[in-house]
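Subject: Structure handover

Hello,

Here is the structure we discussed, with the sequence alongside. My notes on it follow below.

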Amino acid sequence: MKSTIIFIHGMFQNAKSWDQWVAHFSAKGYNCIAESWPLHEGEPADLRANVPAGLGELRLATVIDKYRQLAAAQTEKPILIGHSVGGLIVQVLVNEGLAKLGVPISSVAPNAMIAFDWGFVKNSALITNPFKGDDPFIMDVESFQASFTNTMTPDQTQEAWERTATNDSRNVLRDCLGEDGKVDVDLPHVPMLFIAGEEDRIIPYELNEKNAKAYNDELSSTTTRTFGGKGHFICGQPGYEEVISVVDEWIQQKEEAPAQPVASAAISH
């Protein structure tokens with residue numbers, strides 16, 4: 001058996017969003033774990049139709065703690081792959097020394113790092129709106145098209161929304177901008193591969209590169225890869241196989257490399 005990979009989804013998704021990834025890496029011999037956030041377990045359609053009690057009060061610290069315990073429970077340090085807020089959680093757990101490798105995809109950047117991009121500002125403001133209090137954010141298909149699947153057709157969006165979309169807690173994103181969303185970028189860390197979509201309206205690829213470049217340890221490896229034509233639904237939109245292939249190849253290279261990390265930065269468009 002190869003290494004264990006823990007997949008961490010982001011907001012408005014649950015573990016089902018990783019089905020294709022789990023199938024791919026399981027076939028390669030990896031032990032794959034994809035668990036949903038608290039109050040996100042089950043079928044997305046059911047979760048949309050019946051909003052779980054307490055969803056609006058869910059906090060980032062609660063979500064992080066679930067995966068912290070999951071990572072710590074493994075007999076060997078796992079590989080962590082996370083999308084969006086899940087990418088930030090990967091960065092937090094790498095910072096805590098709980099990972100063998102880390103792959104943040106379209107990661108919400110730590111340390112209140114932001115981008116002055118209209119899509120980023122608009123989406124962040126809609127979700128974190130303080131006047132909405134603890135009311136959950138309801139992810140309808142129109143919002144999904146505008147933010148997640150802007151590079152996909154309406155029919156593709158409808159299918160993806162029905163299969164994967166959930167509602168979510170505004171407090172999780174609010175917390176990403178506070179203490180629970182901080183990492184120490186000066187610490188040595190295991191290799192990390194930062195992935196972005198060039199057409200992402202939620203996490204601009206420029207913010208992804210800024211995020212990766214913020215790490216300062218000269219002996220630690222941070223690599224970035226930007227995919228043209230990809231939006232925030234990069235892990236599931238048509239052509240996701242290319243993203244999986246790049247991650248697979250990078251993992252193999254890093255697992256075969258000497259234990260001592262080597263500083264690197266590879267940016268491609």
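What covers the buried residues of α10? The cover includes β1, α1 (19-27), β3 (79-83), β4 (101-105), β5 and β6 (222-227). Please keep in mind that this is a predicted model.

Helix α10 itself runs over residues 240-256, 17 residues in total. From its first C-alpha to its last it reaches 25 Å, close to the 24 Å expected at 1.5 Å a residue. Its buried residues are Tyr240, Val243, Ile244, Val246, Val247, Asp248, Trp250 and Ile251. In general, residues three or four places apart on an α-helix point the same way, because there are 3.6 residues a turn.

Next, the cores. The largest nonpolar core has 49 residues, and those with the most contacts inside it are Trp37, Tyr67, Val85 and Ile89. Two or more residues each come from β1 (4-8), α3 (60-72), α4 (85-95), α6 (141-147), α7 (154-164), α8 (170-176), β5 (192-197) and α9 (205-213). Of these, α4 gives the most, with 7 residues. Another core, of 24 residues, lies apart from the largest one; Tyr30, Ile81, Leu193 and Val247 are among its members. Val247 is also one of the buried residues of α10.

Leaving out residues up to four places away in sequence, Trp37 touches Ile8, His9, Gly10, Met11, Leu58, Val63, Lys66, Tyr67, Val85, Asp168 and Val172. Two of these contacts, Tyr67 and Val85, are also listed with Trp37 among the residues with the most contacts inside the largest core.

On cysteines: a search of the whole structure finds 0 disulfides. Cys235 is in no disulfide either, as the nearest cysteine sulfur, that of Cys32, is 14 Å away. Both residues are buried: Cys176 has a relative accessible area of 0%, and Cys235 has one of 7%.

How many cavities of 30 Å³ or more does the structure hold? The count is 1. The space in the largest cavity is about 90 Å³.

Regards

Conventions:
Residues numbered from 1 in each chain as written. Predicted model: local features only at pLDDT ≥ 70, side-chain atom pairs only at ≥ 80, totals over all residues. Heavy atoms only, no water. Core = buried A, V, L, I, M, F, W, Y, C linked by side-chain atoms within 4.5 Å. Buried < 20%, exposed > 50% of the residue type's maximum accessible area, 1.4 Å probe, protein only. Helix = DSSP H or I, 4+ residues; strand = E, 2+ residues; numbered from the N terminus. Contact = heavy atoms within 4.5 Å. Disulfide = S-S within 2.5 Å. Expected span 1.5 Å × (residues − 1). 1 Å grid on protein atoms, 1.4 Å probe; cavity = no way out; pocket = protein on both sides within 12 Å on 5 of 7 lines; lining within 4 Å. Points joined across faces, edges and corners; volume = space filled by probe spheres on them.
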